[in-house]
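The structure is shown first, and the notes follow by topic.

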Amino acid sequence: MAGERILVAKVGLDGHDRGVKVVARILRDAGFEVIYTGLFQTPETVAAAAVDEDVDAIGLSMLSGAHMTLAPAVVEAVRSRGADIPVMVGGIVPDHDLEELTAAGISAVLTPGSTAEQIIVEVRRVLDAETAS
Amino acid sequence: MPTPREIWEAEFGAAPRRDADFETMSGIPVEPVYGPEDGEFPGQFPYTRGPYASMYRSRLWTMRMFAGFGTAEDTNWRFKEIIRAGGGGLSTAFDMPTLLGIDSDDPMALGEVGRCGVAVDTLADMEDLYADIDLGEVTTSMTINSPAAVIFAMFVAQAEKAGIPRARLGGTLQNDILKEYQAQKEFVFPPRQSMRLVRDTIAFTSAEMPRWHSVSISGYHIREAGSTAVEELAFTLANGFAYVELALAAGLPVDSFAPRLSFFFNAHIDFFEEIAKYRAARRIWARWMRDRYGAEDPRSMQCRFHTQTAGVSLAAQQPELNIARTAIEALAGVLGGTQSLHTNSMDEAMALPTEKAARIALRTQQIIANETNVAHVADPLGGSHYVEALTDEVERQAEEIFAHIEELGSGSMLEGAIKGIEENWFQGRITDSAFELERKVNEGRRIIVGVNAFTEGNEEEQIPLLRITNEDEQRQRKRLDAVRDRRDQTTVDAVLERLRIEAADPEINLMPTLIEASQAYATLGEIMSAMGSVFGRHVEVPTF
């Protein structure tokens, strides 16, 4: 199903935006409607934008090592608004953090080297799981 | 009339010689440079073949390893380890809050303190960071941009407190704000206000710190953000021209500051294109400095640069392969005549490096320096049909980009750089190039071993990674609390108030007051807020 809305976001102080922009274009070319928040967002501003824009999923780009603090905070901020929007993380996430991120409610983690196809498949999987639940 | 070779011989003869046997492993004697009698020699305008006549025969490049994590004490320990292991210079990585000029106890700093580098909030951190390191001997590089003037003020205050006068300090402040808006995106104030701080640091160092490099004009981050090699070269040199025009507009004579401008380039994996890029960089800088900006001192025309291997070329899959990539990239930097070099560690696609991974990266440089004999000859690829043609073509394409930037600025490179940022021109081109490369990788037209080909072995056990815990964040906050408790608040308030008044007057150089604020143990965040209340903040329009 094309046209689903995805919010891609940079949370915190990490200014590395190559990945988020490339992924935004990959998703747009795959038929998704993509909204990019820009830099230096907080968990609260991301959650607010996601709810306001009525998106189907949130993708966080995180390359500075703050994912263990900020990604769960985004999940919390979304839930505290009574919304149920899946949150995915893309970026530099060591294997040893995966379990804890899943436990914190992160729906998918895409790490360096992911191809466009893998990204689209994973986003699709998360959206379909959401529809099924 | 002496020939170019005779001129070179005289200069080479006067230069110091390092202690090594300049011969091949078979015992064939090796000349310091090869080329026709009337050709261009190293140390000769336009310096395509190197800024100095003797290059690595006098002194090898500086093995400058970038390090920083956790608190100042942690990083001080790593610095001493680097010096013990034979690293010749220090290079300081600051954490994200420091790079953005906020304190470790700011709510926005949550989760970022000490992660990507060392946390510096006050002069007290700076004192611990360089404790027991003789800053009159070791040169220091600091990778900091938006708050560069403040961190530099803290550095000067710290050194003087340790008894080293500012005139003796040697090193480099990155201080290249233009590429922050274009690529690295750690900006705080709007471009024009930030450029005022750059002007203040250039004026301050040219007057008081003859051994200090005021700006390290950096293509590294432009490339990492996704540009091509040509864009990296052209955007970087264009930014360099902008800083030159900024200092000229402030009334500084070109030869009073230009010798202290240096460059920082990426070493990516396309071996010959990288070498051509370095050669073209020297040639373009020399021509523009002499012909457009009227430089007369050869040092103003000599493009001297630091090189770092490409972080983006590292793969998370089969990370040991990154050692090979880094070695090839480092070799390109050396054959291209770099003055200093940082080699990335194999684990940096996943985390900050472990001590062992960082040591292997340094050892890679030591192999190039000591085992390969490549440092015997200056510009060993000069005269290669391929490398010469590539150098010419890279230069030609860069000149096309300069023409566009000049047009954006109606004849001013300074105005063109700022307009290009405000109109998202640089940012758009970089994203286009990043996406184009990604497309080639996805289509398999560009092979990355272990990523889109030769993936057998990807499932093997991973190498150990450095883990930074939240304890560092807690410790740093406690350190900051302690400083706030023991300083004299009245002095802090007074100096911050004076800073606000001076910031509003663009004629005033802020460096002396920034040093005073550091000495009063005002925090980085307080100082940046004081200036921010006058300067405002930069907000980028999000595009992709």
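The second largest pocket holds about 630 Å³ of space. Its lining is made up of 24 residues, and those closest to the pocket centre are A:Asp95, A:Thr111, A:Pro112, B:Gln317 and B:Gln462. The model is a predicted one, and the count of salt bridges over all chains comes to 55.

**Second largest pocket**

- Two elements of chain A, β5 (106-110) and α5 (116-132), are the ones that give two or more residues to the lining of this pocket.
- By residue class, the lining of the second largest pocket divides into 11 nonpolar, 10 polar and three charged residues.

**Salt bridge B:Glu37 to B:Arg5**

- B:Glu37 and B:Arg5 form a salt bridge in which the closest N and O atoms are 3.5 Å apart.
- B:Glu37 is partly exposed, at a relative accessible area of 39%, whereas B:Arg5 is buried, at 17%.
- B:Arg5 counts as buried because its 17% relative accessible area is under the 20% limit.

**Salt bridge B:Glu180 to B:Lys179**

- The closest N and O atoms of the salt bridge between B:Lys179 and B:Glu180 are 2.9 Å apart.
- B:Glu180 is buried, with a relative accessibility of 0%.
- B:Lys179 is buried as well, with a relative accessibility of 0%.

**Salt bridge B:Arg279 to B:Glu388**

- A salt bridge joins the side chains of B:Arg279 and B:Glu388, at 3.0 Å from N to O.
- The partners lie in distant parts of the chain, 109 residues apart: B:Arg279 belongs to helix α11 (residues 271-292) of chain B and B:Glu388 to helix α15 (residues 385-408) of chain B.
- B:Arg279 is buried, with a relative accessible area of 1%.
- B:Glu388 is partly exposed, at 23% relative accessibility.

**Salt-bridge network**

- Which residues are joined into one network by salt bridges that share partners? They are B:Asp103, B:Asp105, B:Arg484, B:Arg487 and B:Glu526.
- Side chains of opposite charge can pair when their charged atoms come close.

Technical notes:
Residues numbered from 1 in each chain as written. Chains lettered and ligands numbered in written order. Predicted model: local features only at pLDDT ≥ 70, side-chain atom pairs only at ≥ 80, totals over all residues. Heavy atoms only, no water. 1 Å grid on protein atoms, 1.4 Å probe; cavity = no way out; pocket = protein on both sides within 12 Å on 5 of 7 lines; lining within 4 Å. Points joined across faces, edges and corners; volume = space filled by probe spheres on them. Helix = DSSP H or I, 4+ residues; strand = E, 2+ residues; numbered from the N terminus. Nonpolar A, V, L, I, M, F, W, Y, C, P; charged D, E, K, R; others polar. Salt bridge = Lys/Arg side-chain N within 4 Å of Asp/Glu carboxyl O. Buried < 20%, exposed > 50% of the residue type's maximum accessible area, 1.4 Å probe, protein only.
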